[in-house]
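Subject: Structure handover

Hello,

Here is the structure you asked about. Please open it and follow along with the notes below.

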Amino acid sequence: MKNIQLIIKDNCPTEYVEIIKFYWELNDETLEFTNKPKGVRSKFNIEQPKLNKIIQPNSAITFYLHCKNCNSYEFIEVNSQSTFNILFKSYNSSRNIFKCKHCEEIANLEKQKEQERERQERLLELDKAVDEKRWMNLNSFQYELLHLCLTKSFSELKKHYWSKLGENRYGKLFHELKVLAKMDLLEIDVDPWNGRIKAFQYYSRMKENFIYNPAKTETTAYHQDFERRETSQLRLTLTIDKSKFHPDSPKYAGLVKFKQRIVIEPDVEYSFAQWERSGDNLYFVLTPIDEIYPAPNQTPIVRVPTSLQDGIRDFLESINPENGDW
Ligand SMILES: [Zn+2]
């Protein structure tokens, strides 16, 4: 920062000159203003709006800032202390490297080009999914969901699945939307703060090529029933093997038969918990985090956002073997 100069406009009323000089008084060493606006207001007994009307149209401070990027000096003019302070702070901060307008423009253009390139790459991935007719690999729930995504708004979709799945299984909607996105059949906007899906978009070629024909897929009564009997939660009671004689034989052993098909998917984050209860039996549960609360994939439980930690704790409390139906 160099050549700091106070400019008083030629047509400035003379009675303002003293106020203006007082307002812009600058410590040459620290580059801090000697008089804060509050001090100016009380010395001359004026309100802030009046002070603005005196300072802004009639005066300015000009200086040059060095652009390290192209090694040039950029002329700057500011007409309030606050604008000066903000610029000065950012100019001196180690993170914010000052760029002149020219360099800023070039940087913006490069950023745009980069975004465009990323978009083109993304379109190639979406194209590939259409070309491969990847929806043929979906189960009937996902197939119908994709169809509804192409024909309904997000709010209609949520309403539909809220009534279809009920409160307890509602999280399945968000989990499956993420599966569709991973398969490049859909694009989702995820809130980086809480991992919730804010919106979804489909690719126009997807809509043009996708054919929804549920009769040809597995939506027979048998499969509908099968799907209803499908769960992504594993609950297991590990019983003590009372006949354990040898120290090397397992402590817990037994047979188990599940009433529902249990689907455990790769690349999905699960929350697990285990309780020791009466009779020394062990209770074990494994649940996808998305089904508890649609949230980002993070570990371990202490590092997930508080809302999610609460969600998991509430959830674990609700399925605690002492309360729940095992
Ligand atoms: Zn520059």
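Two strands count as paired if DSSP finds at least two bridges between them. Keep in mind that this is a predicted model.

**The sheet**
S1 and strand S2 (residues 59-67) pair in the antiparallel sense, over five bridges. One example is Leu 6, whose bridge partner in S2 is Ile 61. These strands belong to an open sheet of three, in the order S1-S2-S3, with antiparallel pairing. Strand S1 (2-8) and strand S3 (72-78) are the edge strands, so each pairs on one side only. From one strand to the next, the twist averages 20 degrees. Helix H4 (residues 81-92) packs on this sheet and touches S2 and S3. The direction of H4 makes about 155 degrees with that of S3.

**The cores**
Which residues have the most contacts inside the largest nonpolar core? They are Leu 146, Leu 177, Leu 180, Leu 185 and Leu 186, in a core of 15 residues. Helix H6 (140-151) and helix H8 (171-182) each supply at least two residues of this core. H8 gives the most, with five. Look at Leu 177 next. Beyond its neighbours within four places in sequence, Leu 177 is in contact with Leu 186, Ile 188, Ile 197 and Phe 200. Apart from this core lies another, of seven residues, including Ile 19, Tyr 23, Val 40 and Ile 54.

Ser 232 sits in the loop between strand S6 (230-231) and strand S7 (234-238). Is Ser 232 buried or exposed? Ser 232 is buried, because 21 other C-beta atoms lie within 10 Å, and the cut-off for buried is 20 or more. Ser 232 and Leu 286 are 54 residues apart in sequence, yet 8.4 Å apart in space, C-alpha to C-alpha.

Best wishes

Definitions and conventions: Residues are numbered from 1 along each chain as its sequence is written. This is a predicted model: local features need pLDDT of at least 70, side-chain atom pairs count only at pLDDT 80 or more; totals for chains, interfaces and linings use all residues. Helices (H or I, at least four residues) and strands (E, at least two) are DSSP runs, numbered from the N terminus. A residue is buried if 20 or more other C-beta atoms lie within 10 Å of its own, exposed if 12 or fewer, and partly exposed in between; C-beta atoms are placed from the backbone. A nonpolar core is a set of buried Ala, Val, Leu, Ile, Met, Phe, Trp, Tyr and Cys residues joined through C-beta atoms within 7 Å. Two residues are in contact if their C-beta atoms, placed from the backbone, lie within 7 Å. Axes are lines fitted to C-alpha atoms, for helices over the stretch in contact, and angles run from 0 to 180 degrees between N-to-C directions.
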